[in-house]
Amino acid sequence: MDLSIVIPLLNEEESLPELCDWIKRVCDANNFSYEVILIDDGSTDDSWEVLQKLRTENPHLKGIKFQRNYGKSAALNEGFRAAHGDVIITMDADLQDSPDEIPELRKMLLDGHYDIVSGWKKVRYDNTVTKNIPSKFFNAVTRSVSNIKLHDFNCGLKAYHKKVVKGIEVYGEMHRYIPVLAKWAGFKRIGEKVVEHRARKYGVTKFGWERFVNGFLDLLSIQFISRFGKKPMHFFGLLGM
């Protein structure tokens, strides 16, 4: 299978028909063998019912349903476990990520011999204070901590070789730092591609300040583990002294 497209979703009943139809057009036009794995992260609207209907029309669609909201990291982790494609593409379900980016992300991953290609939404339509300032802060701190020169760690559009997603575990708010987790696991060839960011068409943003705080704490956890994980006695020895 050429592609597994992994999409977490929460209350996206309006966007799902358009999104799934768009992905089908792109994959059919490029002759990809593919699957689309949609993970319903505890939606309280009719997202699951819409997905079930869409699955009767398109056998490439697969659904995973959580009984409550566990978060984007848990949804991605389940999608990664279920994926069979040689290349895994992740994207958001709100239509702010363009499926037209899929062929070029895949091509860059394969031709450039990367482990990961991460999207960069260089031009954005949501430059609000509550999103823009935390995003710039996270990206700057994560670049400094990880020494990975990406502009947009939190971009939902990413391409991975299958061995990468099978070699990491994503939890907490660590979906923001998958390139960091991958580098720590030995997948160091990380590229970046400028991708289109589309204005929100349906629904409301899922961003909240609690995610800002939790994401920062997870970054500290990653830094702690990456620094002392291989030399625990060194750290505890210092405490003992």
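Start at tyrosine 70. Its relative accessibility is 46%, so tyrosine 70 counts as partly exposed. Keep in mind that this is a predicted model.

What sits over the ring of tyrosine 70? The charged end of arginine 68 does, 3.9 Å from the ring centre. Tyrosine 70 also has an aromatic partner, phenylalanine 66. Their ring centres are 5.4 Å apart and the planes stand at 85°. That angle is over 60 degrees, the cut-off for edge-to-face, so edge-to-face is what we call this pair. Buried or exposed, for phenylalanine 66? Buried: the relative accessible area is 11%.

How many aromatic pairs does the structure hold? Two. The other one is phenylalanine 80 with tyrosine 160. Here the centres lie 5.7 Å apart, with 70° between the planes, and again the label is edge-to-face.

Now the wider picture. The protein has nine helices and seven strands. There are 241 residues, and buried ones make up 48% of them. Take contacts between residues at least 6 apart in sequence: 81% of these join residues at least 24 apart.

You find isoleucine 190 in strand 7, residues 190-194. What does isoleucine 190 touch, leaving out residues up to four places away in sequence? The list is Tyr114, Ile116, Ile148, Leu150, Pro179 and Lys183. One more distance here. Leucine 109 is 81 residues from isoleucine 190 in sequence, yet the C-alpha to C-alpha distance is 9.1 Å.

Next, a helix pair. Helix 1 covers residues 16-29 and helix 2 covers residues 47-57. Their axes come within 10 Å and cross at roughly 35°. The crossing is right-handed. Which residues meet? From helix 1, Leu16, Pro17 and Cys20; from helix 2, Ser47, Val50 and Leu54. By class, the contact has five nonpolar residues, one polar and no charged.

Last topic: backbone angles. Two residues to check, neither of them a glycine: asparagine 31 and leucine 95. Asparagine 31 has a positive phi, near 60°. Where is asparagine 31? In the loop between helix 1 and strand 2, and that strand is 34-41. Asparagine 31 counts as exposed, because its relative accessibility is 70%.

Leucine 95 has a positive phi too, about 70°. Leucine 95 also sits in a loop, between strand 4 (87-90) and helix 4 (102-111). Buried or exposed, this time? Leucine 95 is buried, at a relative accessible area of 1%. So we have positive phi in an exposed asparagine 31 and in a buried leucine 95.

Methods
Residues are numbered from 1 along each chain as its sequence is written. This is a predicted model: local features need pLDDT of at least 70, side-chain atom pairs count only at pLDDT 80 or more; totals for chains, interfaces and linings use all residues. Side-chain values use heavy atoms; hydrogens and water are left out. Axes are lines fitted to C-alpha atoms, for helices over the stretch in contact, and angles run from 0 to 180 degrees between N-to-C directions. Helices (H or I, at least four residues) and strands (E, at least two) are DSSP runs, numbered from the N terminus. A crossing is left-handed if the near helix is turned anticlockwise from the far one by less than a right angle, and right-handed if clockwise. Contact means heavy atoms within 4.5 Å. Ala, Val, Leu, Ile, Met, Phe, Trp, Tyr, Cys and Pro count as nonpolar, Asp, Glu, Lys and Arg as charged, and the others, Gly among them, as polar. Rings of Phe, Tyr and Trp (its six-membered ring) pair if their centres lie within 6.5 Å; planes under 30 degrees apart count as stacked, over 60 as edge-to-face and the rest as tilted. Buried means under 20% relative accessible area, exposed over 50%, partly exposed in between (1.4 Å probe, protein chains only). A charge sits over a ring if NZ of Lys or CZ of Arg is within 6 Å of the ring centre and within 35 degrees of the ring normal.
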